[in-house]
Amino acid sequence: MTTHDHTEPIGYLELIRENRNFRALWLGQIVSLLGDWFNLIGSASLVATLTQSGFAVGGLFIVRMLAPFIVSPVAGVVADRYNRKQVLIITDLARAVIVLGFLLVRRPEHVWLLYALTALQLSVSGFFFPTRSAILPDIVPRNGLGAANAISSATWSVMLSLGAALGGLVAGQFGIYTAFVVDALTFLLSAFFIMQVRYTSVPTLDGTMTLATAIRDYIEGLAYLRHHFDILMIALQKTFVALAVSGGFQVVQVVMAEQIYPIGEGGSTSLGLMYAVVGVGTGVGPILARAFTGDREWPLRWAILVSYFLSAVGLLLIAPLGAFWVVLLGMLLRGVGGGIGWVFSTQLLLDLLPDRVRGRVFSTEFAMFTLANAVGAAVVGRALDLSISLSLLMLAMAGLSIVSALVWGAWLLMMRRRA
């Protein structure tokens, strides 16, 4: 790698070209995310087709969110105690085997198996995602973290667009089960790329891991958040978004695709288009915003505030459920807002967290986010079964997004006065 002045930010292409470890991790992310969206489109369409129930679709997203929440205390300790590269490889291989089980779900009475396999798959993912966040500062210099985080987010968004669109197309044209096979293959390819990372593990926690030590270590991580309330507020940003918007909106999207804008088998193609447009927004938004904020702490904080209002405007465009292109435009704006909030809150944590608690804080952040997503999905799924209109639910989400903005804005003003 080329030696850089520690104050000079590394560019996007420069980081990919010169940092072999980041490049390998990034390629693994590309193929893994492609499979993730194939799986999500396939499983959501399958549940909707087999059950014809909004609550059952909500149940799928509840399982997807609660599973990583349950394992997050152990996952954070594992990320700080063991070789992070090996954890990533093991979890990829395990998920490749698990997703093949979705091929057994054929009739309505098999839906319980789909839920069980989803719980198992997302439990393993609960180890993967915090570990991947924790390993980033280990393989990227500090002046490259902003670029690495933006690239990772843009990749997530591009693969959301491409993966969701392709997943919807494959499921709609070639059958839902083909999507599950593709998902399994992408996990294997991801593991291969991660194996290319040259990484010397320096665990921040010593000794043998037992239940007692895992609990003690995780409590230590929670104590860090308790004593660093600003870090906790940053870590709560994804939770605010999940509770206000993203948890319930995932359920709403499935119902909209199946009942209002049905294209493809079970609305799988229209659902793929919706996810694709959101992906474009989440990718473009942070990169455009970073051109103004750079990696400076306070501009990043204020941009998060703006992101809530962008999401609210997008939801207000969707609420009337008019022309499909207007709905997609609203989803684009919602994606821009959500992407800015996600990327910039992660950037702040990467900059401010010490290595010794990084895995546990990221796992706690992920736990809070997934729990909030589950609650949002459960509430909206139940509301749909009670015949509450999609438009009213959209207006409620917009209102909650604005409330979240006011809470974050009040905290920023308090921080400025203290400074």
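## Basis of the description

Helices (H or I, at least four residues) and strands (E, at least two) are DSSP runs, numbered from the N terminus. The model described here is predicted, so that local features need pLDDT of at least 70 and side-chain atom pairs count only at pLDDT 80 or more, while totals for chains, interfaces and linings use all residues. Residues are numbered from 1 along each chain as its sequence is written, and side-chain values use heavy atoms, with hydrogens and water left out.

## Loop residues with positive phi

Ser-387 lies in the loop that runs between α14 (355-385) and α15 (390-418), and its phi is near 70 degrees, a positive value in a residue other than glycine. With a relative accessible area of 65%, Ser-387 is exposed, where exposed means over 50% relative accessible area, buried under 20%, and partly exposed in between (1.4 Å probe, protein chains only).

Leu-321 also has a positive phi while not being glycine, with a value near 55 degrees. Its place is in the loop between α12 (297-318) and α13 (324-352).

## Salt bridges within a helix

The structure holds 8 salt bridges, a salt bridge being a side-chain nitrogen of Lys or Arg within 4 Å of a carboxyl oxygen of Asp or Glu. One of them pairs Arg-95 with Asp-92, whose closest N and O atoms are 2.8 Å apart. These two residues stand 3 residues apart in helix α4 (residues 84-99), which means that about one helical turn separates Arg-95 from Asp-92. Arg-95 counts as buried at 0% relative accessibility, and Asp-92 is likewise buried, with a relative accessible area of 0%.

In helix α12, Arg-301 and Glu-297 lie 4 residues apart, about one turn of the helix, and their side chains meet in a salt bridge with an N to O distance of 2.8 Å. Arg-301 counts as buried at 0% relative accessibility, whereas Glu-297 is partly exposed, with a relative accessible area of 33%.

Which parts of the chain does the salt bridge between Asp-138 and Arg-358 tie together? The side chains of Asp-138 and Arg-358 meet at 3.1 Å, N to O, and because Asp-138 lies in helix α5 (residues 111-139) and Arg-358 in helix α14, the pair ties together parts that are 220 residues apart in sequence. Asp-138 counts as partly exposed at 30% relative accessibility, while Arg-358 is buried, with a relative accessible area of 7%.
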